[in-house]
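Please look through the structure shown here. The paragraphs after it start from a single residue and widen to the whole chain.

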Amino acid sequence: MTRPADESEQIFASAAELFGVLATPIRLRIISALCQGEKNVSQLLEEIDTTQPNMSQHLATLYRAGVLGKRRDSTQIYYRIVNEQAASICRTVCTQIALGLEERPAAVAAG
């Protein structure tokens, strides 16, 4: 039987691991792009300004972390979100930051 303290430690460790995977802007962009549906590397490169080797490295990291899934169709590999919790966290954090940026100029003008 798992003790609550052990379970709590596991939750925090898992959260820290996920935040580590998400701690790169390009990975957040990849997740955002894939929230609209499955895409191959070429399609992602049209949306995200980076090199193909760099994109592949980040996709591999997200795949190994269990955030993305992939499938092969002939010569193309298509990526998709398989961890909806990670995508939801990404959306929530980015939305909150965007809202904060929208509020900041009003707060500065009022101050």
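Apart from neighbours within four places in sequence, valine 21 has contacts with Arg27, Leu62, Ala65 and Val67, where contact means heavy atoms within 4.5 Å. Valine 21 belongs to helix α1, residues 4-21. Its relative accessibility is 13%, and it counts as buried; the term buried stands for under 20% relative accessible area, exposed for over 50%, and partly exposed for what lies in between, with a 1.4 Å probe and protein chains only. Threonine 61 is 40 residues away from valine 21 along the chain, yet their C-alpha atoms are separated by 7.5 Å.

The model is predicted: local features need pLDDT of at least 70 and side-chain atom pairs count only at pLDDT 80 or more, while totals for chains, interfaces and linings use all residues. Residues are numbered from 1 along each chain as its sequence is written, and side-chain values use heavy atoms, with hydrogens and water left out.

The protein has 5 helices and 3 strands. These are DSSP runs numbered from the N terminus, with helices being H or I of at least four residues and strands being E of at least two. Along the sequence the pattern reads α-α-β-α-α-β-β-α. The radius of gyration is 17 Å, well over the 13 Å that the globule rule gives for 111 residues, so the protein is more spread out than a compact globule. That radius is taken over C-alpha atoms, and the rule is 2.2 Å times the number of residues to the power 0.38. Along the principal axes, the C-alpha atoms fill a box of roughly 55 × 50 × 20 Å.

Of the 111 residues, 25% count as buried. The protein exposes about 7600 Å², of which carbon and sulfur atoms supply 53%; accessible areas come from the Shrake-Rupley method with a 1.4 Å probe, and for residues only the protein chains shown count as cover. Among contacts between residues at least 6 apart in sequence, 48% join residues at least 24 apart.

Two strands pair if DSSP finds at least two bridges between them. Strands of a sheet pair through backbone hydrogen bonds, either parallel or antiparallel.

β2 pairs with β3 (residues 76-81) in the antiparallel sense over 6 bridges. Within this pairing, arginine 71 stands opposite tyrosine 78 of β3, and aspartate 73 stands opposite glutamine 76 of β3. On the β1 side, the antiparallel pairing with β3 runs over 2 bridges. There asparagine 40 has tyrosine 78 in β3 as its bridge partner.

The hairpin of β2 and β3 has 2 residues between the strands, and serine 74 in it takes a positive phi near 65°. Most residues other than glycine have a negative phi, and most peptide bonds are trans. Serine 74 lies in the loop between β2 and β3 and is exposed, with a relative accessible area of 60%.

Another loop residue is glutamine 36, placed between α2 (25-34) and β1. Glutamine 36 is exposed, at a relative accessible area of 61%. From glutamine 36 to arginine 80 the C-alpha distance is 9.3 Å, across 44 residues of sequence.

Helix α5 (residues 84-110) holds glutamate 102, which is exposed with a relative accessible area of 59%. Glutamate 102 and proline 4 are 98 residues apart in sequence, and their C-alpha atoms are 40 Å apart in space.

As for charge, the protein has 11 positive and 12 negative side chains, and the centres of the two sets lie 6 Å apart. Lys and Arg count as positive and Asp and Glu as negative, while His and the chain ends are not counted. The place of a charge is taken as NZ of Lys, CZ of Arg, CG of Asp or CD of Glu.
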